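Hi,

Here is the structure I promised to pass on. My notes on it follow below.

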Amino acid sequence: MRPPARPPLTADLQKSDSLRSPRKPGERTPAIKSPSPRPSSQRAEKEADIPFTAPEVAAELARWIAHLTAERRMSAKTVEAYQRDAHQFLSFLADHLGGRPTLANLAALAPADVRAFMAARRAIGISSRSLMRALAGVRSFARFLERTGKGGVGALAAVRAPKVAKTLPKPLTIAAAKRIADADLRAGEEREPWVLARDSAVLALLYGSGLRISEALGLKRKDVPAPGAGDVIIVTGKGDKRRMVPVLMQVLQLIADYVALCPYDLPADGPMFVGAKGGPLSPRIIQLTMQRLRGALGLADTATPHALRHSFATHLLVRGGDLRAIQELLGHASLSTTQIYTGIDSERLMEVYKNAHPRA
């Protein structure tokens, strides 16, 4: 049975510098008449000025990016990555099909075309994990086209994403995690006391409440109660989603100690943690702090600020914490993300299972 014929492609292809599909010697790209441009505003003309895709696809790309930013409220870096993935896919198709792909061309793609894209990416050394993320970005664009009545890319659903081995997080031991906020470990450093107190408070918060480093550094002064005035903080996570997280009294005391020593005014609407010049604290400073502490505690290179978040979840789990509750504390949208932690201490989990299950 013959595959359905593809709709004609537009011409004037400007070849991309990457993802070239090899052509047979002597083979030429067919010359195809380009449609006359439709009247539009200057903004629409700018949106359509993408050399590797038809103006109608470029316009939908712009609407999709606006949708991800305004409605899905994705972070700027995520939107940038999705846009880059879609551009790479469309750039490949322009060379693979011999012209700028239109919406009709996207709808007529075959699974073999998608596999050719995957093969081209692998040929330049793209890992399975990066390729899986790239397909996720392209599929997001395809779903947007379908929802808005502009067609779709059915071939994407017919092709499996590459399998990626799940890498288990490497948590710190409980003893090391407890000592990570000890300012005495850095007594030999030529740093001001308030800086050492600040770093201890941030690290204690990462382990004590399981926060991402961006969440901890994104806290405002008013978000953190004084010791004895509360035991929860409101954290803004990915996608601007807010959640309530418990905080230990010891952690609140470390934060209060830092505030008392800090030479800068910390207004209620300003950042809780500030840098040496009084501006928002950079995540790089905390990463460098962990790097120094690794040497003091004899920890592996995997002991990063994010490892403290993993340690928080792991230590809760092996002590009988409920996986759903841990999911809420971490702010994971999907339980499958939290389930990575179930492979860390299988012996301990089996012991809990045998002791708790009535038929064990």
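R115 touches A158 and V159, leaving out residues up to four places away in sequence (contact means heavy atoms within 4.5 Å). R115 and R160 sit 45 residues apart in sequence, with 9.3 Å between them in space, C-alpha to C-alpha. R115 belongs to helix 5 (residues 111-123); helices are DSSP runs of H or I with at least four residues, strands are runs of E with at least two, and both are numbered from the N terminus. R115 counts as partly exposed because its relative accessibility is 47% (buried is under 20% relative accessible area, exposed over 50%, partly exposed in between, with a 1.4 Å probe and protein chains only).

Before you read on: this is a predicted model, where local features need pLDDT of at least 70 and side-chain atom pairs count only at pLDDT 80 or more, while totals for chains, interfaces and linings use all residues. Residues are numbered from 1 along each chain as its sequence is written, and side-chain values use heavy atoms, without hydrogens and water.

T289, in helix 12 (residues 283-297), is buried because its relative accessibility is 1%. Beyond its neighbours within four places in sequence, T289 contacts R186, D199 and L203.

Now the cores, meaning sets of buried Ala, Val, Leu, Ile, Met, Phe, Trp, Tyr and Cys residues joined through side-chain atoms within 4.5 Å. The largest nonpolar core has 49 residues, and L205 and F273 are among those with the most contacts inside it. Helix 9 gives this core its largest share, 10 residues. Another core, of 36 residues, lies apart from it and includes V57 and F144.

Cheers
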